[in-house]
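Look at the structure, then read on.

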Amino acid sequence: LSLQMMKHAWDNYKRYAWGLNELKPISKQGHSSNLFGNIQGATIVDALDTLYIMEMKEEFKEAKEWVEKNLDFNVNAEISVFEVNIRFVGGLLSAYYLSGEEVFRKKAVELGEKLLPAFNTPTGIPWALLNIKSGIGRNWPWASGGSSILAEFGTLHLEFVHLSHLSGNPVFAEKVMNIRKVLNRLDKPEGLYPNYLNPSSGQWGQHHVSIGGLGDSFYEYLLKAWLMSDKTDEDGKKMYYDAVQAIETHLIRKSSGGLTYIAEWKGGLLEHKMGHLTCFAGGMFALGADGAPSDKTGHHIELGAEIARTCHESYDRTRMKLGPEAFRFDGGVEAIATRQNEKYYILRPEVIETYMYMWRLTHDPKYREWGWEAVEALEKHCRVDGGYSGIRDVYNNHESHDDVQQSFFLSETLKYLYLLFSEDDLLPFEHWVFNTEAHPLPVLHKDDGNKEENQK
Ligand code: DMJ
């Protein structure tokens, strides 16, 4: 069924928004997000590998032709370094590794080079925003004290290591290794990483810590950097397991109803709220279980299972059986959104992503059942004539659609659903890691001198 869903999402994008970044499925026209500046075709690049994996050959071919003829980075535009890296660089790298088509390698390296001026700061911690024509960078105006964001500068590592691998140019890997060095020199409050770091002074901004938005994929990339290095990147490994230890001590709590959740930490005070984004951590803990100290392996799997259960509850306790953007464990509620502006669902993947990891790592059938519930809810509430749309309030009786088909719906949500119902030997974890936008990147094996290697 996820294949039919992909077809519906793709066909409508093609029909109404071809070449633009995203589709507005209700108004049936293109949607431009300023995250990508003038770079176009986000949905095409994000969807390439999903089309390939689902064997939608015609669609993959037309997507490839669009990339060849139209994907252009010579634009005068300010872009988000993080978003362009995870969606465009990541999407192109995966398309290259899966298909072996040179055009994707070339475009990925070309785009990587355009991103390099972002690292021209006193510390080498990159800017959040970059004009890819002028090379001038800056940070989000709202970020604490002019800081860069942990989840943004911490989510370049996997892609940049591959860019060096594929181009023979060490500069990409050097840039991300330097980020590690800067982080390792700093004192961390209670062993935790604040979400804000000033790229000029090299000092932390506000001491806010989150495993959801602003922090999330930094932790994910520590673990995956180690896995992608064929378990040779000892630094990444140590940073990951030390961070998880601090997270367990200071952020993970159990509600009176017995639900394990990951709170947010603000200068030592806990906010008992968990974001939909935070739900990815269930899969991360389970994926990292194997590498944990031997007496902790079972514990990390269990932690993954508990987060999966909590996030499933956040879906189950809504009218539409789709999870809210954030849910709380205070004021007498558990796993429920209490604020109107936290009740939306924008086709995000994290809960299904965790089901997929838990399924592969435990084969407990409940994860497929939960995934199926999500499919039914998506079909019932998000599917419209013109594609798939987000929902403004998942507790309401009637759908109020937000009219955006996010590109990550095609790259992540539908891919993870497809993998959840596939055999384990499709993109096996021994050979592939998924970037934070679900783009698979091959493990760089120790004895792998051959960069063309293409394992499936
Ligand atoms: C995606 O772009 C990535 O998964 C990112 O890590 C978080 N936000 C969206 C999906 O929710």
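The largest cavity is lined by F153, G154, H157, V176, I179, R180, L183, F218, Y221, L222 and M239. The model is predicted; local features need pLDDT of at least 70, side-chain atom pairs count only at pLDDT 80 or more, and totals for chains, interfaces and linings use all residues. Residues are numbered from 1 along each chain as its sequence is written, and side-chain values use heavy atoms, with hydrogens and water left out.

**Cavities**
- On a 1 Å grid over the protein atoms alone, a cavity is a set of points where a 1.4 Å probe fits but cannot get out, and lining residues have an atom within 4 Å of a point.
- The whole structure has 5 cavities of 30 Å³ or more.
- The largest cavity holds about 90 Å³ of space; a volume is the space filled by probe spheres set on the grid points, which are joined across faces, edges and corners.
- Helix 8 (171–185) contributes the most to this lining, with 4 residues.
- Helix 9 also supplies at least two; helices (H or I, at least four residues) and strands (E, at least two) are DSSP runs, numbered from the N terminus.
- The lining of the largest cavity has 8 nonpolar, 2 polar and 1 charged residues.
- Ala, Val, Leu, Ile, Met, Phe, Trp, Tyr, Cys and Pro count as nonpolar, Asp, Glu, Lys and Arg as charged, and the others, Gly among them, as polar.

**Largest pocket**
- A pocket is an open set of points with protein on both sides within 12 Å along at least five of seven lines.
- The largest pocket contains about 1100 Å³ of space.
- Its lining counts 49 residues, with G213, L214, D216, L277 and R348 nearest the centre.
- Helix 4 gives the largest share of this lining, 4 residues.
- The lining of the largest pocket splits into 18 nonpolar, 14 polar and 17 charged residues.

**Ligand**
- The ligand takes up the space of the largest pocket; a molecule sits there if more than half of its atoms lie within 2 Å of the grid points.
- Helix 4 (81–99) and helix 15 (407–420) each give two or more residues to the shell around the ligand.
- Residues around the ligand include I86, R87, L277, R348 and F408, each with a heavy atom within 4 Å of it.
- The shell has 4 nonpolar, 1 polar and 5 charged residues.
- Ligand oxygen atoms lie 2.6 Å from a side-chain N or O atom of E412, 2.8 Å from one of T436 and 2.5 Å from one of E437.

Key
Polar contact = N/O pair within 3.5 Å; in protein donor to acceptor, adjacent residues only side chain to side chain.
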